Amino acid sequence: MKSSSSWAVRITSAVPIIAVSDSARAEDYYCRVLGFQKMFAYPLEASKPDPRYLGVARDGVWLHLQSFKPERAGMTDAFLWVADVDLLHDEFAARGAVVQLPPTNQTWGTRETGIRDPDGNVLVFATKPQDTNAA
């Protein structure tokens with residue numbers, strides 16, 4: 001087995017794909033409540049009903065939202081590193097986010113908050129421990 005340093009091509013980022021049942025509702029929640037910005041949508045015609053595929057981004061971090069598999073809505077989650085969990089939680093709560101987990105110090109060393117979207121998908125936002133390199 002090759003070590004990671006001997007692979008020819010480096011993976012540079014990842015984009016979680018979140019399954020939703022209603023793309024308009026998801027777009028509103030992710031943009032208005034969580035502060036993401038819609039970057040693209042397919043199909044392009046906003047008047048078309050689901051299914052749709054959306055790209056949203058905040059602070060250079062992207063999520064994709066798709067309603068092509070509504071049976072998977074509520075079954076996908078994402079984990080995101082942030083600079084300050086407490087401030088982000090306060091921002092989200094002030095906009096009416098559904099908080100599943102208030103800012104909590106976890107036994108494994110991170111401080112995390114969990115936010116639930118309208119379909120039940122959970123986004124966990126975490127602050128890295130100060131003295132270690134969490135991955």
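Which residue takes a positive phi in the hairpin of β3 and β4? The views below include this hairpin.

**View 1. The whole chain of a predicted model.** The protein chain has two helices and eight strands (DSSP runs, H or I of at least four residues for helices and E of at least two for strands, numbered from the N terminus). From the N terminus on, the order of elements is β-α-β-β-β-β-α-β-β-β. Of the 135 residues, 36% count as buried (under 20% relative accessible area; exposed is over 50%, partly exposed in between, with a 1.4 Å probe and protein chains only). The C-alpha trace spans about 50 × 45 × 25 Å along its principal axes. Residues are numbered from 1 along each chain as its sequence is written, and side-chain values use heavy atoms, leaving out hydrogens and water. In this predicted model, local features need pLDDT of at least 70 and side-chain atom pairs count only at pLDDT 80 or more, while totals for chains, interfaces and linings use all residues.

**View 2. The hairpin of β3 and β4.** Strand β3 (residues 53-58) pairs with β4 in the antiparallel sense over six bridges (two strands pair if DSSP finds at least two bridges between them). Alanine 57 has tryptophan 62 in β4 as its bridge partner. Two residues lie between the strands, and aspartate 59 takes the positive phi, near 55 degrees. On β4 (residues 61-66), three bridges also join β1, and these two strands run parallel. Isoleucine 17 stands opposite histidine 64 in β4.

**View 3. The open sheet of four strands.** The strand order is β5-β8-β7-β6, with mixed pairing. At the edges are β5 (78-81) and β6 (98-105), each pairing on one side only. Strands β7 (residues 111-116) and β8 (residues 122-127) run antiparallel and are joined by six bridges. Isoleucine 115 stands opposite leucine 123 in β8.

**View 4. Helix α2 on the strands.** Helix α2 (residues 85-94) lies across β6, β7 and β8 (contact means heavy atoms within 4.5 Å). The helix runs at about 20 degrees to β7 (axes are lines fitted to C-alpha atoms, for helices over the stretch in contact, with angles from 0 to 180 degrees between N-to-C directions).

**View 5. Valine 15 before β1.** Valine 15 lies in the segment before β1 (17-19). Valine 15 has a relative accessible area of 35%, so this residue counts as partly exposed.
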